[in-house]
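Here's a quick briefing to read alongside the coordinates.

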Amino acid sequence: AALRRESSATYWLEVMLLEGYTAEDLQVQQLAERIRSIQPDSVQLNTAVRPPAAECAMAVPPARLAQIAGLFEPPAEVIAEYRGKHASEESEASADAILELIQRRPCTMEDIAHGLEMKPAEVVKSLAVLEERGAILGERRGSGLFYRPAT
């Protein structure tokens, strides 16, 4: 938090989550509150996707990571399933489909995943692409985070 106050540089924060440890509701809530106070420009979520050195370090399932991502401000980007250039191209195509959908009505991440038959983690990645472009805005309504076009 002190570094963030002292510097105007772009500040990205990567959070490593482990099933049964840091991905539990209370821990996620505490992380989200602390991260909100730091005010990073970007939050990225990661988990153990390769075999870890310690057997107790278990991966957080993609659907749970996607759910957790919406709890952060700014909403986090799930980076745990990085697959190179092809994944980036898929995210671009998915981003275009999402933009077309939310031009009809605001949607939550879950609405988008269901409506476009996409994996939640892919929706989160595509939403990040759209946010980087400045094409969408996320708005809290009740307990939900709804996305709509920026213009």
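Glu14 sits opposite Gln44 in strand 2. Keep in mind that this is a predicted model.

- Strand 1 and strand 2 run parallel to each other and are joined over six bridges.
- The open sheet is built from three strands in the order 1-2-3, with parallel pairing.
- Its edges are strand 1 (12–17) and strand 3 (77–78), each of which pairs on one side only.
- Strand 2 is mostly covered, with six of its six residues buried.
- Neither face of strand 2 is left open: Ser42, Gln44 and Asn46 are buried on one side, and Val43, Leu45 and Thr47 are buried on the other.
- Helix 3 lies across strand 1, strand 2 and strand 3, and runs at about 160° to strand 2.

**Val60, a loop residue**

- You'll find Val60 in the loop between strand 2 (42–47) and helix 3 (62–69).
- Is Val60 buried or exposed? With a relative accessible area of 3%, Val60 is buried, since the cut-off for buried is under 20%.
- Leaving aside residues up to four places away in sequence, Val60 touches Leu17, Leu18, Glu19, Ala23, Thr47 and Leu65.

**Helix 5 against helix 6**

- Two packed helices are described by the angle between their axes and the distance between the axes.
- Here, helix 5 (residues 109–116) packs on helix 6 (residues 120–133) at an angle of about 115°, and the axes are 9 Å apart.
- That angle makes helix 5 roughly perpendicular to helix 6.
- As for handedness, the crossing of helix 5 and helix 6 is right-handed.
- Which residues make the contact? Helix 5 supplies Met109, Ile112 and Ala113, while helix 6 brings Pro120, Val123, Val124 and Leu127.
- Sorted by class, the contact of helix 5 with helix 6 has seven nonpolar residues, no polar ones and no charged ones.
- His114 also lies in helix 5, and counts as exposed at 68% relative accessibility.
- His114 and Tyr21 are 93 residues apart along the chain, with 29 Å between their C-alpha atoms.

- Most residues other than glycine have a negative phi, and most peptide bonds are trans.
- Gln39 has a positive phi of about 60° although it is not a glycine.
- Gln39 lies in the loop between helix 2 (25–38) and strand 2, and counts as exposed at 54% relative accessibility.
- Glu117 is another non-glycine residue with a positive phi, in this case near 50°.
- The loop between helix 5 and helix 6 is where Glu117 sits, and its 76% relative accessibility makes Glu117 exposed.
- Where is the cis peptide bond? The bond runs from Glu73 to Pro74, with omega near 0°.
- Pro74 belongs to the loop between helix 3 and strand 3.

Conventions: Residues are numbered from 1 along each chain as its sequence is written. This is a predicted model: local features need pLDDT of at least 70, side-chain atom pairs count only at pLDDT 80 or more; totals for chains, interfaces and linings use all residues. Side-chain values use heavy atoms; hydrogens and water are left out. Helices (H or I, at least four residues) and strands (E, at least two) are DSSP runs, numbered from the N terminus. Buried means under 20% relative accessible area, exposed over 50%, partly exposed in between (1.4 Å probe, protein chains only). Contact means heavy atoms within 4.5 Å. Two strands pair if DSSP finds at least two bridges between them. Axes are lines fitted to C-alpha atoms, for helices over the stretch in contact, and angles run from 0 to 180 degrees between N-to-C directions. Angles under 35 degrees count as roughly parallel, over 145 as roughly antiparallel, 65 to 115 as roughly perpendicular and the rest as oblique. A crossing is left-handed if the near helix is turned anticlockwise from the far one by less than a right angle, and right-handed if clockwise. Ala, Val, Leu, Ile, Met, Phe, Trp, Tyr, Cys and Pro count as nonpolar, Asp, Glu, Lys and Arg as charged, and the others, Gly among them, as polar.
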